[in-house]
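Please look over the sequence and the structure before reading on.

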Amino acid sequence: MKKILSFLFHRFTIAAAAILAQFAALVLMIGRFSNYFPQFYALLTLLSAVAVIIIATGRAKSAYKIAWIILILLFPIFGGLFYLVLGKTRLSRRMRRKMEKTRLHGEKSLEASESVLHELQEMDQRAAGQARYIQNHAAYPVYRHEYSRFYPLGDLAFPAMLEELEKAQRFIFLEYYIIDEGTMWESILNILARKAQEGVDVRLIYDDLGCIFKLPQKYHQKLESMGIKTERFHPLTPILSASVNYRDHRKLMIIDGHTGFTGGINLADEYINAFEKYGHWKDSAFLVKGEAVWSLTVMFLAMWEYLRGEQDDLEDFRPPKLEDLPPASGFIQPFADNPLDDETVSETVYFNLINRVRDYVYITTPYLILDNEMVTALTSAAKTGVDVRIITPHVPDKPPVHAVTRSYYPILLQSGVRIYEYTPGFMHSKAAIADDKVGVVGSVNLDYRSLYMAFENAVWLYGTDSVLQIKEDFLETLSLCQEVHLDQYSGLGAHQRLKWSLLRLLAPLL
């Protein structure tokens, strides 16, 4: 009974009830006015027609357009209005202006890397083209010979994270989608509180919706009282608005500007398998040391300025050069992606990786919800003889989303893509590698929300030892997977096919 009452009076439940009430009131009002005023009915119908034109001529992905157009055709009176309230894929004008100002401020501190690009071009023109795209369209430069390490499990990364946090002397910046009280977070929090008392500048950003069932409502105030400057990304409000769609899905831990962690893990016990949530949690983390961490630092400070409204002098956070780094080779390019503009950086990076592959491309992802362009890229690569393999979870965290993931299996398998499911539990790692040379690792899932509606970050790699570490982990993980075969899906009934079709139709709106 206590749990039921706690849920009923939880701020999420209250906010959801308020939003549903507004939604119901809007439907009731439209329905009542339409019955009494034919002109009002005609006006709403015209509004739906205008919405369809806006959708059809916009720059959103075709699957997203189709999903909304079908909903408007099914509900011509309400559909257009609901699209204008909830369906826009761009930030509000106020949010865009604020974010644009922040972005420009951050860009000024990121030097272009023409000499490094020239060196990369001498080695591989295609790789240089990818690096130049990220620099020109995401404003993050490429670095040479920076140290990096891939951790195939959160369990293995966690001790290294604690060790690096203990070394902090100037500042610690953390930005995570999920934080949950438990062994992992409490261990980190103890260090953060102690470092803050020692005068280290400690700052934390967490996504309010991602933590809404994890942390108390006023937890940010508790952290502030401990000396940890804290901001919540887009706090949930009981107002019907499209802004709830935009989430901060990044994973960043930055120590003194020269050491940074990213990858798939959040700060909660399931990510280090201290708590079994969906079987064994297969995730990854990525360590970067050296100049390349400056991009992660600017990335965080830009988001901090957007949320806090305080503009820092970024040069104050320039780190000293690390002299004791292990020898390293290759090129590293951290980058961020956001729904601020129409540039889908993460998706383009994946497209380029897949379209330029010669021998193989291996991908791990918790969700496989693809648009037509990504399906075409994967299937075309496989049809030309490229070894395309994808590992997804066997144990789902969200059954409907897992059903959508499996609905893509037949078309991929028919083209020669090999798909494996991680049988011990949930696969949450987000990484891709190709031809022993190129890799991408970070917070980006292969789904609509991650690619088009979330703030994300990743690291593009070329010729680093960590690329081979990702490959080694992928091949070792295959022994813990079951391969999916086409004959498993050849005898599906009409009911299952219809279910998959509907789920795939609505997938861009989930």
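Glu-421 and Arg-406 form a salt bridge through their side chains, with an N to O distance of 2.9 Å. Glu-421 belongs to strand E14 (residues 418-422) and Arg-406 to helix H15 (residues 399-407), so the pair ties together parts that are 15 residues apart in sequence. The model is a predicted one, and the count of salt bridges in it comes to 24.

**Salt bridges**

- Side chains of opposite charge can pair when their charged atoms come close.
- In the pair described above, Glu-421 counts as buried because its relative accessibility is 2%, under the 20% cut-off.
- Another salt bridge joins the side chains of Glu-175 and Arg-250, at 3.8 Å from N to O.
- This pair links distant parts of the chain, 75 residues apart: Glu-175 is in strand E3 (residues 171-176), and Arg-250 is in the loop between strand E6 (247-248) and strand E7 (251-255).
- Glu-175 counts as buried, with a relative accessibility of 0%.
- Arg-250 also counts as buried, with a relative accessibility of 5%.
- A further salt bridge is made by the side chains of Lys-471 and Asp-436, at 2.9 Å from N to O.
- Here too the pair links distant parts of the chain, 35 residues apart, with Lys-471 in helix H18 (residues 465-478) and Asp-436 in the loop between strand E16 (431-434) and strand E17 (438-442).
- Asp-436 is partly exposed, as its relative accessible area is 32%.
- Through salt bridges that share partners, Glu-163, Glu-164, Lys-167 and Lys-289 are joined into one network.

**Lys-289 and its surroundings**

- Lys-289, a member of that network, is located in strand E10 (residues 285-289).
- Is Lys-289 buried or exposed? With a relative accessibility of 14%, Lys-289 counts as buried, because buried means under 20%.
- A polar contact of 3.0 Å connects the side chain of Lys-289 with the side chain of Glu-164.
- Leaving aside residues up to four places away in sequence, Lys-289 touches Glu-146, Tyr-147, Glu-164, Lys-167, His-258, Thr-259, Leu-322 and Leu-325.

**Nonpolar cores**

- In soluble globular proteins, nonpolar side chains tend to be buried together.
- The largest nonpolar core in this model contains 149 residues, and Trp-185, Ile-188 and Trp-460 have the most contacts inside it.
- Helix H12 (residues 293-308) gives the most to this core, supplying eleven residues.
- Apart from residues up to four places away in sequence, Trp-185 touches Ile-179, Asp-180, Leu-192, Leu-204, Tyr-219, Leu-223 and Leu-267.

**Cavities**

- How many cavities of 30 Å³ or more does a search of the whole structure find? The search finds two.
- The volume of the largest cavity is about 70 Å³.
- This cavity is lined by 14 residues, of which Thr-364, Ala-431, Ile-470, Asp-473 and Phe-474 are the closest to its centre.
- Strand E12 (360-364), E16 and H18 each supply at least two residues of the lining of the largest cavity.
- H18 gives the largest share of that lining, with four residues.
- H18 is also the helix that holds Lys-471 of the salt bridge to Asp-436.

Key. Residues are numbered from 1 along each chain as its sequence is written. This is a predicted model: local features need pLDDT of at least 70, side-chain atom pairs count only at pLDDT 80 or more; totals for chains, interfaces and linings use all residues. Side-chain values use heavy atoms; hydrogens and water are left out. Buried means under 20% relative accessible area, exposed over 50%, partly exposed in between (1.4 Å probe, protein chains only). A polar contact is a pair of N or O atoms within 3.5 Å; within protein, one must be able to donate a hydrogen and the other to accept it, and residues adjacent in sequence count only if both atoms are side-chain atoms. Contact means heavy atoms within 4.5 Å. A nonpolar core is a set of buried Ala, Val, Leu, Ile, Met, Phe, Trp, Tyr and Cys residues joined through side-chain atoms within 4.5 Å. A salt bridge is a side-chain nitrogen of Lys or Arg within 4 Å of a carboxyl oxygen of Asp or Glu. On a 1 Å grid over the protein atoms alone, a cavity is a set of points where a 1.4 Å probe fits but cannot get out, and a pocket is an open set with protein on both sides within 12 Å along at least five of seven lines; lining residues have an atom within 4 Å of a point. Grid points are joined across faces, edges and corners, and a volume is the space filled by probe spheres set on the points.
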